[in-house]
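This briefing describes the fold of one structure, topic by topic. Please look through the sequence and the structure shown here before reading on.

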Amino acid sequence: MSDHTVAHGTFVIERAYPHAPEKVWAAWADPTQKAKWFGAPDGGMPAEMFDFKPGGRESRHGTIPMVRLSPSTSLTRTSFH
Amino acid sequence: MATETKTRSVTHASFTIERRFRQSPTRVFKAFSSEASKQAWFHGPEEWGRDVHQMDFRVGGRETSVGGPPGGPVSSFRAIYQDIVPDQRIIFSYDMDLDGAEISVSLTTIELKPDGAGTHLVYTEQGAYLDGWDKPDGREAGTRDLMDNLERYLEQV
């Protein structure tokens, strides 16, 4: 009847940074800081919306390189929005 | 407010509920997509009285349900629809608030598959349960109660 499928997945990543929680927090909470690491490495994926509060929304649009690990590792340009 | 110096914690858990209904996927989908139909089965125990419910069933649309036992804590359900494939799939994210305390954030996927003339429903919920307020098995039990409500509703109409 249809080719609609759902794969449910969960992953956990742990990192230890040599910086205080306040500094790491600011990298997520401050729009200028987040734009420097989230998305394109040159800051080429600016936020169209960045409302850092419960219920707030964040939206970005751009073309960024993403590494795909399957079926074989290759660099693929993927639209992310 | 219930947010005084409570220890912060997160418990991650998933559960899956499967049900088979005699009604078609189109009929079951309508029980989720029509505001009047959903209000007929999506609610707490009878003694809670009627919740305050609103639904904007489209991708990006919101749904809220606010209610609770008389004189007891007020529960708020706040959802955003993320993906809708008519008669086949509904995905929404939601959070729960208990008297002002954020108690959980979840992602729910409902798949409807033809099962003879009826429907095989697969309900998958992936959740983050916050600060010890609620437990995954309690949420699963509550969701099974809702699926019982849905089955009774479908048999009535």
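**Briefing: sheet, helices and chain contact**

In chain B, strand S4 (residues 75–85) and S5(B) run antiparallel and are joined by 10 bridges. Strands (E, at least two residues) and helices (H or I, at least four) are DSSP runs, numbered from the N terminus, and two strands pair if DSSP finds at least two bridges between them. This is a predicted model, in which local features need pLDDT of at least 70 and side-chain atom pairs count only at pLDDT 80 or more, while totals for chains, interfaces and linings use all residues. Residues are numbered from 1 along each chain as its sequence is written, and chains are lettered from A and ligands numbered from 1 in the order in which they are written.

- S4(B) and S5(B) form a hairpin with 3 residues between the strands, and B:Asp87 in the turn has a positive phi of about 70°.
- S5(B) is also joined to S6(B) by 10 bridges, and these two strands run antiparallel.
- B:Phe92 has B:Thr108 of S6(B) as its bridge partner.
- The hairpin of S5(B) and S6(B) has 2 residues between the strands, and B:Asp99 takes a positive phi near 50° there.
- Strand S3 (residues 62–67) of chain B is joined to S4(B) by 6 bridges, again antiparallel, and B:Val66 stands opposite B:Ser76 of S4(B).
- B:Val85 belongs to strand S4 of chain B.
- B:Val85 counts as partly exposed because 13 other C-beta atoms lie within 10 Å; a residue is buried at 20 or more such atoms, exposed at 12 or fewer and partly exposed in between, with C-beta atoms placed from the backbone.
- B:Val85 and B:Glu111 are 26 residues apart in sequence, and their C-alpha atoms are 9.4 Å apart in space.

**The whole sheet and the helices on it**

- The sheet of chain B is open and has 7 strands in the order S1-S7-S6-S5-S4-S3-S2, with antiparallel pairing.
- Its edge strands are strand S1 (10–21) and strand S2 (52–55) of chain B, each of which pairs on one side only.
- Neighbouring strands of this sheet are turned against each other by 15° on average, direction ignored; axes are lines fitted to C-alpha atoms, for helices over the stretch in contact, and angles run from 0 to 180 degrees between N-to-C directions.
- S1(B) pairs with strand S7 (residues 118–130) of chain B over 12 bridges in the antiparallel sense, and the bridge partner of B:Phe21 in S7(B) is B:Thr119.
- Helix H1 (residues 25–33) of chain B packs on the sheet and touches S1, strand S5 (89–98), strand S6 (101–115) and S7 of chain B; the direction of H1(B) makes about 160° with that of S6(B).
- Helix H3 (residues 136–156) of chain B packs on the sheet as well, touching S1 and S7 of chain B, and the direction of H3(B) makes about 20° with that of S1(B).

- Two packed helices are described by the angle between their axes and the distance between the axes.
- For H1(B) and H3(B), the angle is about 120° and the axes are 11 Å apart.
- The contact is made by B:Arg27, B:Val28 and B:Ala31 of H1(B) and by B:Leu150, B:Tyr153 and B:Leu154 of H3(B); two residues are in contact if their C-beta atoms, placed from the backbone, lie within 7 Å.
- By class, this contact of H1(B) with H3(B) has 5 nonpolar, no polar and 1 charged residues; Ala, Val, Leu, Ile, Met, Phe, Trp, Tyr, Cys and Pro count as nonpolar, Asp, Glu, Lys and Arg as charged, and the others, Gly among them, as polar.
- B:Leu150 touches B:Ala31 and B:Trp41, leaving aside residues up to four places away in sequence.
- The largest nonpolar core has 8 residues, among them B:Phe21, B:Val28, B:Leu121 and B:Leu150; such a core is a set of buried Ala, Val, Leu, Ile, Met, Phe, Trp, Tyr and Cys residues joined through C-beta atoms within 7 Å.
- H1, S7 and H3 of chain B each supply at least two residues of this core.

**Chain A**

- Chain A has 2 helices and 4 strands, and from the N terminus on its elements run α-α-β-β-β-β.
- Buried residues make up 0% of the 81 residues in chain A.
- In contact across the two chains are 7 residues of chain A and 9 residues of chain B.
- The side of chain A that touches chain B has 3 nonpolar, 4 polar and no charged residues.
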